[in-house]
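This briefing is meant to be read with the model open beside it. Please take a moment to look through the chain before going on to the points below.

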Amino acid sequence: MADRVRLVRPKEDLAPLESAYRFAAERHTGQFRLSGEPYISHPLAVAGILAEMNMDVVSLQTALLHDLLEDTDTRLEEIEKRFGREVARCVDGVTKLRKLQFFTSEARQAESYRKMFLAMTDDVRVIIVKLTDRLHNMRTIGSLPREKQERIARETLEIYAPISHRLGMGKIRGELEDLAFTVLEPEASADLLQQIESRRHEIEAFLAGIRRSVEETLRQEGIPARVSGRVKRVYSIYQKMRRQKVPLDQVYDLLALRIVTDSVKNCYAALGVIHNEWHPIPGRIKDFIAIPRPNMYQALHTSVIGPGGHAFEVQIRTEEMHRVAEEGIAAHWKYKEGHTGPGQDDQRIAWLRQLVEWQGEMQDPGDFLSTLRVDLYPEEVCCFTPRGKVIVLPREATPIDFAYAIHSDVGHSCVGAKVNGRIVPLRYALRNGDVVEILTQAGHMPSKDWLALVKTSRARNKIKHIVNLNERAKAVEIGVKLLEKEARRLGLSLQKVGKTDLERAASDHGFGKVEDLQAALGYGRLSARQVLQKLAPQDDAAAPAGQIKGAAGLPTPAQIASPPAGDLVLKVKGADDLLVYRAKCCAPIPGDPIVGYVTRGKGVAVHSSYCSNVQNLLYEAERKIDVEWARSASEAFPVRMLVHTDDRPGILHLLTNVLAGEECNIRNLDARPDDARNGDGAVIEMTVDVKEKRQLDRIVSAMRRLSGVRDVERTL
C-alpha cells in the first residue's frame, strides 16, 4: 500500500499514514475476524483498495481507523487529537450508530444512513471509504452465518451498489452487485456462470477476431485507439434475462467491445467506422457524450450485427471518459490541492443535497428508507422542455414527475400534459427524447391518486405534504363528529367539558394537542368511548340500566365488546383486540416483512413491506401501525405465481414435481404460449398453497434450477 502511494504521490509525507497503521494495529490487538484472520487485516485491505484508486493520505488514514469507534474503546476526541479534525470528521461519518439506542433496527439503519449522507455532503471521502469498506466485507462474507450474509447482501444491492452508480463508480458498483447476487441467488448465479463458462472458448475466439478487425480498420482510418473485449457482468445479464424473459442466447449485449481513443472528434469518427463495417441495430444507438448520464458517465453506445449474425455492443469513449466511468466521483477529487467537498454544481451530489433537505421532513424511519430506495433508482429517461432544457428522470416516470422536476408550483397546478405536441394522460410513461409541455391551472392541487403514478421521491414527498394536510383536516372533522355522536348516545354534553379537560385527555392518550387526538379518532386509532371515559363526570345515570359503571360513569373497557379477532396469525403489537386482516393487493404470508395501515371503520390492513401500494397509502404517518406475525400458521395461504419457460413438452411435469415434493396443493393452473417471445416461450400461471415464505423461496429456487425455466415471479 505504501509503495503504491509513493508511486503516485512521491512528495507526500507518509509518516501520518504509518502512525495511523500503528495506532489501529495496537487498538485491534487480540481481535479476530470470523475467518480467523487478525482484525487489522480488514482496515488494511480497505486502505489497499483506496490506494489502488490513488486516493489521498486522509482517505487511507480514515480506512485504517474506521472501525476503532465501533469495535474498541477509542474515543473520537482521541482520534482528533492524534490525527487532526479532518481525519476525525471522516472517521465519525463512516462509523455506524450501533452504540445509540433505537426502538427498532429499522430506526437504527435509517439514522445510520442519515448520518452518513450528512457527512458525505461535507466530504465525499466518507462515502468512498464506506463503499470500499463494504466491498471488502462482501469479498470476505463467506465466514458469516447465512442469515447475516443475506441481510448484508440485500442492503448492498439496495443501497450501496446504487450509491456507487449515482457517483459514477462503475467498477465498484459492478463487483458489489455480482458479489451480492452470488449470496442472494446462489443457484441462479452458479447456473448462469456455468452457461457462460461452457461458451467461453467460443466467446473468446469471437471477441479476439472482432478486436483484430476493429483495430485494423481504425488504424487504416488514422484513429488512435485501445480496443478491448469483455463479457457483460453476471448480475447485469441476470437482470436483463428476467426483465425481458429471454434465455442467455437472446441477450444482445452479452458481448461488448470498448474503444478508448484520444478525443471526442475521434469518438464519433470511430462510431462511423463501426457502422460502416457492420449493420447497427435500430434503437440501440445512445449518445451519452452529448447528453451525459446524471452520474457524469459519457460514451457512445451502439449494438451491431457482427459476423455469423452474432450481435454485440460497442462502447466508445476518451481516456478521460474511461477514467470517470471506472472511478466516478473519485476521479475528480484533487485532495492534494486541498479540495475536500463537492462543488455546488456537481450533478452527482445534487440528488444527495436534496435528500438531506427532505430527511428533516421524514420522521418515520420506514418512510425515509423507502424514499432513499426510490431516490437511488437508476435514472434512464432524458426528456426536454419546449425550450430545450434536459430533464433526467427514472424509467417509467410520468408527466407529473416532469412537472415537479421543473418546480413544486408547476407540479401542484398540473392538470395535463402534451408530449411531442399531443395531449397524453398523466399516467403516460415518458420515453427518451420526449418533448414535454405541462398544462397548469391556477389554484389546482394534487390528488392522492397521483401517488400511484409518480416515480421520483421529489414528486412523492411534495404530493404527500399536500395530501397530508387535506387528509388530516378531514380526520379532525370526522373525529369531532364521532365524539359528539357518542356523547349524545350516552346522554352527555361536550359543551360542559372545558379546553383543559380536552388537553388532559389528549395527553393521557399520548398526544400533544387536542387536534392530534381528534385526528386519531378520525383515522380510527381510538374509539370515542375510550376518550369519553377520560372526560365524562361521575354520573351513574349516564349508563344504561343494569350496567356497572366505570370511574367516569361509563362501562369499563372489559365490558366493551371486543372487535373480531381477524386473522389469527396476525396481531397489532401491544394490542390483541383490533380487527386485523391481510390486504388483498399483496396477500402477505408468514415470513414476509409487513406493515399495518389503519383504515377507517375496517380495522388494520396488513401489507407486505414491498407492496407497491404501501408507498401510496402511508402518506400519513399517523395511519401506520406496528404489526407482527402472531404464530406459525397451520393453514396454507394462496400465492399466485408466473413461470416463464421454453415452449416444449415436459416442462409442466417438471414444475408440478417440484410442488409435489413440497406437498403443495395447486388451486388452479393456466399454461399458454408467450406471444411476446416470438413463439419460443410459454407462460404458466398458477395459484398454489404455501404455509410460509421459506417454503415459497424453496419452491422458487427449485423451479429456477430446472432446465427450460427462464424466470419465476410471485405476483400475489
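Predicted model: local features only at pLDDT ≥ 70, side-chain atom pairs only at ≥ 80, totals over all residues.

Is glutamate 216 buried, partly exposed or exposed? With a relative accessibility of 38%, glutamate 216 counts as partly exposed.

**Salt bridges**

- Glutamate 216 and arginine 219 meet through their side chains in a salt bridge, with a distance of 2.5 Å from N to O.
- These two residues both lie in helix H13 (residues 200–220), and because they are three residues apart, about one helical turn separates them.
- Arginine 219 counts as exposed, since its relative accessibility is 54%, which is over the 50% cut-off for that word.
- Across the model, the count of salt bridges comes to 33.
- One of them joins glutamate 177 to arginine 233, where the closest N and O atoms are 3.0 Å apart.
- Glutamate 177 belongs to helix H11, while arginine 233 sits in the loop between strand S1 (225–231) and helix H14 (234–244), so this pair ties together parts that are 56 residues apart in sequence.
- Glutamate 177 is buried, with a relative accessible area of 7%, whereas arginine 233 is partly exposed at 27% relative accessibility.
- Another salt bridge is formed by the side chains of aspartate 711 and arginine 242, at 2.9 Å from N to O.
- This pair links distant parts of the chain, for aspartate 711 is in strand S21 (residues 709–714) and arginine 242 is in helix H14, 469 residues apart.
- Aspartate 711 is buried, with a relative accessible area of 3%, while arginine 242 is partly exposed, with a relative accessible area of 26%.
- Salt bridges with shared partners also join Arg173, Glu177, Asp178 and Arg233 into one network.

**Helix H11 and its surroundings**

- Two packed helices are described by the distance between their axes and by the angle between those axes.
- For helix H11 (residues 170–184) and helix H12 (residues 186–198), the axes come within 5 Å and cross at roughly 115°.
- On the H11 side the contact is made by Phe181, Thr182, Val183 and Leu184, and on the H12 side by Pro186, Ala188 and Ser189.
- Sorted by class, this contact of H11 with H12 has five nonpolar and two polar residues, and no charged residues.
- Leucine 179 is also found in helix H11, and it is partly exposed, with a relative accessible area of 23%.
- Beyond its neighbours within four places in sequence, leucine 179 is in contact with Leu135, Met138 and Arg139.
- The C-alpha atoms of leucine 179 and threonine 140 are separated by 9.9 Å, although these residues are 39 residues apart along the chain.

**Nonpolar cores**

- In soluble globular proteins, nonpolar side chains tend to be buried together.
- The largest nonpolar core here has 51 residues, and those with the most contacts inside it are Leu50, Met53, Leu65, Ile79, Ile128, Met169 and Leu176.
- Helix H9 (residues 125–139) gives the most to this core, contributing seven residues.
- Leucine 50 touches Met55, Ser59, Leu60, Ala63, Ile128, Val129 and Thr132, when residues up to four places away in sequence are not counted.
- Another core of 37 residues lies apart from the largest one, and among its residues are Leu192, Leu207, Leu255 and Ala270.

How values were computed:
Residues numbered from 1 in each chain as written. Heavy atoms only, no water. Axes fitted to C-alpha atoms, helices over the stretch in contact; angles between N-to-C directions. Helix = DSSP H or I, 4+ residues; strand = E, 2+ residues; numbered from the N terminus. Contact = heavy atoms within 4.5 Å. Nonpolar A, V, L, I, M, F, W, Y, C, P; charged D, E, K, R; others polar. Buried < 20%, exposed > 50% of the residue type's maximum accessible area, 1.4 Å probe, protein only. Salt bridge = Lys/Arg side-chain N within 4 Å of Asp/Glu carboxyl O. Core = buried A, V, L, I, M, F, W, Y, C linked by side-chain atoms within 4.5 Å.
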